[in-house]
Amino acid sequence: MKLVSTLSLLLLSLTAPLAVTENSTVVLTHLRGDVYVAEDYFYSKENSVVYVGDNSVTVVGATWTPETAKLLATEIGKVTPKPIAEVIDTNYHPDRAGGNAYFKGIGAKIVSTRMTRDLLALHWDEMVRYVQKAIPSYPTLPLVLPDKTFPGDFELQGGRVKAIYLGPSHTADGIFVFFCEEKVLYGNCILKEQLGNLDFADLIEYPKTLEKLKQLNLGFTTIVAGHWSPLHGPELTDQYLKLLATNHGNVRASQPK
């Protein structure tokens, strides 16, 4: 893979500024019910979700680093005294698993699909270097693997947090997380308002995965996107399908006849 292509596609997937600045912060905002949206402004903006259950907290997306994870934990402590029991790595990339070390250090269990665990073990150092090419300030972090894995879909918080794997998309392993009582879907890196990085995407299966999501008829009224602005309606799925179709058309048009 050419370095220029790698960097340009990474930059497309993220928002400026691509560095830690004095304005970097982690913001936690109540959405509805037991669901909160976490916006991590370090390096480049990513969005995670926090679920405050009856006895404990589930974090969906570990954020960029142990430092950003600690900031998020501090914000969680402002809204509830309940402990963080588990953190879901929603794919194997650093924006979703970089905070694992901190969360594990405070006693939380890191959970994921088996595929995510395997991809972390195979590609973690490679992915850290990939990010550092575009974001030199991103630290070199040791691999911290999940404590518990599932072969596919899984449920937490008594079934009120549902992790759903429907096939390859932005990455081979990316999952959606559905909060059934709140009718909120976390779109992970799979759903967002811009096309973003396709370096690790399966462009054949990506639209099929989104069509499978539509066929589930989950009834969600809000999608929390993994990057850029966090809150969208269910129409974001069709909007992203159109972006993929446009990209496919552009790729085909650029190929020699």
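This is a predicted model: local features need pLDDT of at least 70, side-chain atom pairs count only at pLDDT 80 or more; totals for chains, interfaces and linings use all residues.

Let me begin with arginine 160, which is buried, with a relative accessible area of 16%; buried here means under 20% relative accessible area, exposed means over 50%, and partly exposed is what lies in between, using a 1.4 Å probe and protein chains only. Residues are numbered from 1 along each chain as its sequence is written, and side-chain values use heavy atoms, with hydrogens and water left out.

What does the side chain of arginine 160 meet in a salt bridge? The partner is aspartate 54, at 3.1 Å from N to O, where a salt bridge is a side-chain nitrogen of Lys or Arg within 4 Å of a carboxyl oxygen of Asp or Glu. Arginine 160 sits in the loop between β8 (154-156) and β9 (161-164), and aspartate 54 in the loop between β3 (46-52) and β4 (57-60), so the pair ties together parts that are 106 residues apart in sequence.

Returning to charge, the count of salt bridges comes to 10. As background, side chains of opposite charge can pair when their charged atoms come close. One of the pairs joins aspartate 147 to lysine 104, again at 3.1 Å from N to O, and this pair links distant parts of the chain, 43 residues apart, with aspartate 147 in the loop between α5 and β7 (148-150) and lysine 104 in helix α4 (residues 100-105). Aspartate 147 counts as partly exposed at 36% relative accessibility, and lysine 104 is also partly exposed, at 38%. Lysine 45 and glutamate 39, by contrast, are both buried, and the closest N and O atoms of their salt bridge are 2.9 Å apart. There is also a network of salt bridges that links Glu46, Asp95 and Arg96.

Now to the interior. A nonpolar core is a set of buried Ala, Val, Leu, Ile, Met, Phe, Trp, Tyr and Cys residues joined through side-chain atoms within 4.5 Å, and the largest one here has 36 residues, with Val50, Val59, Leu72, Ile84 and Phe103 having the most contacts inside it. At least two residues of this core come from each of β1 (26-32), β2 (35-40), β3, β4, α2 (66-79), β5 (84-88) and α5, and the largest share, 8 residues, is that of α5. If we set aside residues up to four places away in sequence, phenylalanine 103 touches Val59, Ala62, Ala69, Leu72, Ile84, Val87, Ala108 and Ile110, contact meaning heavy atoms within 4.5 Å.

Helix α5 itself, residues 114-134, has 21 residues and reaches 29 Å from its first C-alpha to its last, close to the 30 Å expected at 1.5 Å a residue, the expected span being 1.5 Å times one less than the number of residues. At histidine 123, α5 bends by about 65°, the bend being the angle between axes fitted to the seven residues ending there and the seven starting there. Among the buried residues of α5 are Leu119, Leu120, Trp124, Met127 and Val131.

Helix α2 has 14 residues and reaches 20 Å, close to the 20 Å expected; its buried residues include Ala69, Leu72 and Ile76, and what covers them includes β1, β2, β3, β4, β5 and α4.

To finish with the overall picture, the protein has 7 helices and 13 strands, and buried residues make up 55% of its 257 residues.

Methods
Helices (H or I, at least four residues) and strands (E, at least two) are DSSP runs, numbered from the N terminus.
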